[in-house]
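This report goes through a structure one topic at a time. Please keep the sequence and the 3D view open while reading.

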Amino acid sequence: MDIIEKQLDYLNETMKQTAADANSFLLKYHFGGLIAVIALLNADLVLADRIIKTASQHYAMLSVAVMLIFSLSFCYFYIVLMHYRRFARSHRKLKYKYELTLHCSLSNGDYRDYQFYLEKSVSDKTSGQKETEDKLNKPEEKDYPFTDIAEYLLNHHRIKYNKLEKVDLRYLLMALSVIALTVSIRVIFIMAIG
């Protein structure tokens, strides 16, 4: 049983470190990138002594600049979120292993079953089970057999793993919507003066 406890401690510390790294990474690069882009878009307001009226031929250059801002912002935030997704997936895999190890020790599971489920991949698609089946049924006997809990945990973490794609999309849309708002305010302001 000492080995299982050491495994639980190791997985717990690794999960904490992965979560801290992911949160730090997202804070530095995602929200730091938003602040940098907004600051660059508004730098001329601070630095310019006066605002020069825009001639009509400069609108083409303005639209090219807007397209460049959006394409560079999309590429930057997409790459940041790909790296964040790597942290989130690693955390999900570690959480599966941690819960599997915990339930193996609680239900006095067989080590052969534990090793078998430890090698199962969380990144695989759910095995024909729907998200509505993401629940543990009431035990028929006094306790849950370890294999029932292991199947439930595997399906549960596969569903959570597959949902990580949608979270990334929301972060990307959030960043691009803030940039779109900033750019649209700047363009409206320039066009009103010009």
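## A serine in a helix

The side chain of S105 reaches the backbone oxygen of L102 at a distance of 2.7 Å. A polar contact is a pair of N or O atoms within 3.5 Å; within protein, one must be able to donate a hydrogen and the other to accept it, and residues adjacent in sequence count only if both atoms are side-chain atoms. S105 is part of helix α3, and with a relative accessibility of 16% S105 counts as buried. Buried means under 20% relative accessible area, exposed over 50%, and partly exposed in between (1.4 Å probe, protein chains only). Helices (H or I, at least four residues) and strands (E, at least two) are DSSP runs, numbered from the N terminus.

This is a predicted model: local features need pLDDT of at least 70, side-chain atom pairs count only at pLDDT 80 or more, and totals for chains, interfaces and linings use all residues. Residues are numbered from 1 along each chain as its sequence is written, and side-chain values use heavy atoms, with hydrogens and water left out.

## Nonpolar cores

A nonpolar core is a set of buried Ala, Val, Leu, Ile, Met, Phe, Trp, Tyr and Cys residues joined through side-chain atoms within 4.5 Å. The largest one has 18 residues, and F77 and I179 have the most contacts inside it. Two or more residues each come from α1 (2–41), α3 (58–106) and α6 (164–193). Helix α3 gives the largest share, seven residues.

Leaving aside neighbours within four places in sequence, I179 is in contact (heavy atoms within 4.5 Å) with L34, V37, I69, F70, S73 and F77. Another core lies apart from this one and has 15 residues, including A88, Y114, V122 and A150.

## Salt bridges

How many salt bridges does a search of the whole structure find? It finds three. A salt bridge is a side-chain nitrogen of Lys or Arg within 4 Å of a carboxyl oxygen of Asp or Glu.

E13 pairs with K16, with the closest N and O atoms 4.0 Å apart. Both lie in helix α1, three residues apart, about one turn of the helix. D110 and R112 form a salt bridge at 3.1 Å, N to O; D110 is partly exposed at 32%, whereas R112 is exposed at 62%. D124 and R158 meet at 3.7 Å, N to O. This pair links distant parts of the chain, 34 residues apart: D124 is in the loop between α4 (111–118) and α5 (146–162), and R158 is in helix α5. D124 is partly exposed at 39%, while R158 is buried at 7%.
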